[in-house]
Amino acid sequence: MSQLTFLGSCREIGRSGFFVEDRNESVLVDYGVKFTEPPSFPDMVPTDELQAVALTHSHLDHSGGIPRILSQSEASLFCTPATRDLSTLLLRDMYNISRGPLPYSRKDITLVKRQCQATAYEETVPLGHHFEMTLFNAGHIPGSSMVSVRVNGKRILFTGDFNATESQLNPGARKNLPKHDIVVTESTYARRTNPNREEIELALMDSVIETLERGGTVLIPAFAVGRSQEIMCILEKHGLPYKYPIYLDGLARAVNDVLVKHPEYLQSPQAFQRAVGRTHIINDNRDRTNAVKNGGVIISPAGMLKGGASHLYFKMVHDNPNNSIVLVSFQIPGTPGEELLAKRKVTVGGRLFEVTADVRQHHLSSHSDSRGMLDMLLKIPGEPEFYIVHGESESCDALAERLEKRKCVAHVPEINESIEI
Ligand SMILES: [Zn+2]
């Protein structure tokens with residue numbers, strides 16, 4: 001008898017975790033954090049019989065608790081080499097800035113590298129006596145995977161976060177997936193339709209060029225992993241004139257170094273290399289002041305203006321109508337980015353700023369939208385049963401409803417619910 005337990009990301013985004021048991025063996029897929037105060041993690045699982053931990057991708061809502069598991073188990077971690085290296089970066093960063101206590105030490109983060117068995121896409125690996133695992137490209141960020149687990153004659157697909165559409169940085173998710181009996185899918189944008197990617201790129205370029213031509217500076221607050229590099233690639237692909245410098249700040253700088261080492265996960269390693277070659281790396285506050293003074297494009301975390309170097313730049317660019325602040329992701333309600341879009345004023349570091357700089361939003365999603373998601377899920381052969389996670393409660397229900405309309409069986413599991421396989 002096998003069992004699958006949903007440890008987290010049930011009617012929420014954050015703390016992903018799935019536990020599969022068969023007889024006396026078990027496998028864990030993802031073990032992430034949710035950024036509550038203090039940070040929350042899925043319930044601890046028994047580690048004595050744990051055969052392996054599989055990690056879909058490096059984002060902390062999937063990887064943030066992995067060191068806790070590895071510190072209590074000899075089990076190997078299976079993920080792509082890019083995910084291994086990006087996770088180590090993000091975990092260290094989280095450890096340095098965490099306000100609450102974490103259930104592991106700084107030293108435990110080194111276990112990600114030490115216990116990792118780097119796995120290539122499409123490679124099938126036996127885990128213990130009862131399991132087999134294969135990773136498929138998920139198209140979400142470099143190195144991201146869908147995890148397919150075979151147990152007890154059944155095949156379960158954990159989609160992780162996925163994007164079926166290719167971007168300037170990532171090839172799209174693996175098409176033509178093999179037969180599965182159960183699919184545990186994300187539903188982040190189950191209620192959204194994204195405009196055509198090329199159109200968004202062109203609109204973004206227009207915003208950037210307009211600002212630069214009137215002598216202004218463009219601040220693009222962006223996530224360190226994936227989005228910052230995609231912006232670099234877009235500016236390169238659409239021919240931003242070389243007279244306008246591009247600057248990169250924050251953790252995105254170290255992410256670049258990792259991606260240069262793992263070019264096999266990029267849509268075009270040559271284009272990325274060219275983009276890296278023309279990007280100026282910011283090292284200190286003097287560089288930051290000069291970058292704003294010189295005019296150009298500044299890419300800096302955090303993506304929703306929640307902190308990091310983006311606050312320093314914001315204070316320097318907000319009060320000049322020649323400048324612009326370009327937001328490139330969905331802005332979660334309650335974040336400074338969302339407040340800025342809605343009101344043209346924003347509280348940063350406890351102070352309210354009136355913003356006269358131009359504010360734009362061009363949403364470059366790294367998830368499939370409702371159409372792309374449904375299209376990919378319906379193409380999975382084997383008439384799988386769907387379990388919908390990793391979305392706001394309404395998004396989980398919306399995707400379940402749409403799948404049921406197409407004669408599929410779909411469930412929205414509750415946290416710590418177990419099903420028999
Ligand atoms: Zn993600």
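**A strand residue and its surroundings**

A: Phe131 lies in strand β8, and this description, like everything that follows, refers to a predicted model. Phe131 is buried, because 21 other C-beta atoms lie within 10 Å and the threshold for that class is 20 or more. Leaving aside residues up to four places away in sequence, Phe131 touches Asp22, Glu25, Val27, Gln51, Val149, Arg150 and Val151. A further spatial relation involves Ser26, which is 105 residues from Phe131 in sequence, although the two C-alpha atoms are 8.4 Å apart in space.

Strand β8 covers residues 131-137 and is joined by seven bridges to strand β9, residues 145-151, the two running antiparallel. Within this pairing, Glu132 stands opposite Arg150 of β9, and Arg150 is also among the residues that Phe131 touches.

Both strands belong to an open sheet of seven strands, in which the order is β7-β8-β9-β10-β11-β20-β21 and the pairing is mixed. At the edges of that sheet stand β7 (124-127) and β21 (410-411), and because each has a single partner strand, one side of each is left without a neighbour in the sheet. In general, the strands of a sheet pair through backbone hydrogen bonds, in either a parallel or an antiparallel sense.

Strand β1, residues 2-8, and β22 run antiparallel and are joined by three bridges; Thr5 has Ser418 as its bridge partner in β22.

The chain is divided into domain 1, made up of 2-192 + 366-420, and domain 2, spanning 197-361. The centres of domain 1 and domain 2, taken over C-alpha atoms, are separated by 29 Å. Where the domains meet, 20 residues of domain 1 are in contact with 17 residues of domain 2, and the side contributed by domain 1 has nine nonpolar, eight polar and three charged residues.

Not counting residues up to four places away in sequence, Thr347 touches Pro336, Glu339 and Leu352. The C-alpha atoms of Thr347 and Thr335, which are twelve residues apart along the chain, are separated by 9.6 Å.

For the chain as a whole, the secondary structure comes to 13 helices and 22 strands. Of its 421 residues, 52% count as buried, and among contacts with a separation of 6 or more, 73% are between residues 24 or more positions apart. The C-alpha atoms fill a box of roughly 65 × 50 × 40 Å along the principal axes. The radius of gyration is 21 Å, which agrees with the value near 22 Å that a compact globule of 421 residues would have.

Definitions and conventions: Residues numbered from 1 in each chain as written. Predicted model: local features only at pLDDT ≥ 70, side-chain atom pairs only at ≥ 80, totals over all residues. Helix = DSSP H or I, 4+ residues; strand = E, 2+ residues; numbered from the N terminus. Rg over C-alpha atoms; globule rule 2.2 N^0.38 Å. Buried ≥ 20, exposed ≤ 12 C-beta atoms within 10 Å, placed from the backbone. Contact = placed C-beta atoms within 7 Å. Pairing = 2+ DSSP bridges. Domains from an automatic or database assignment. Nonpolar A, V, L, I, M, F, W, Y, C, P; charged D, E, K, R; others polar.
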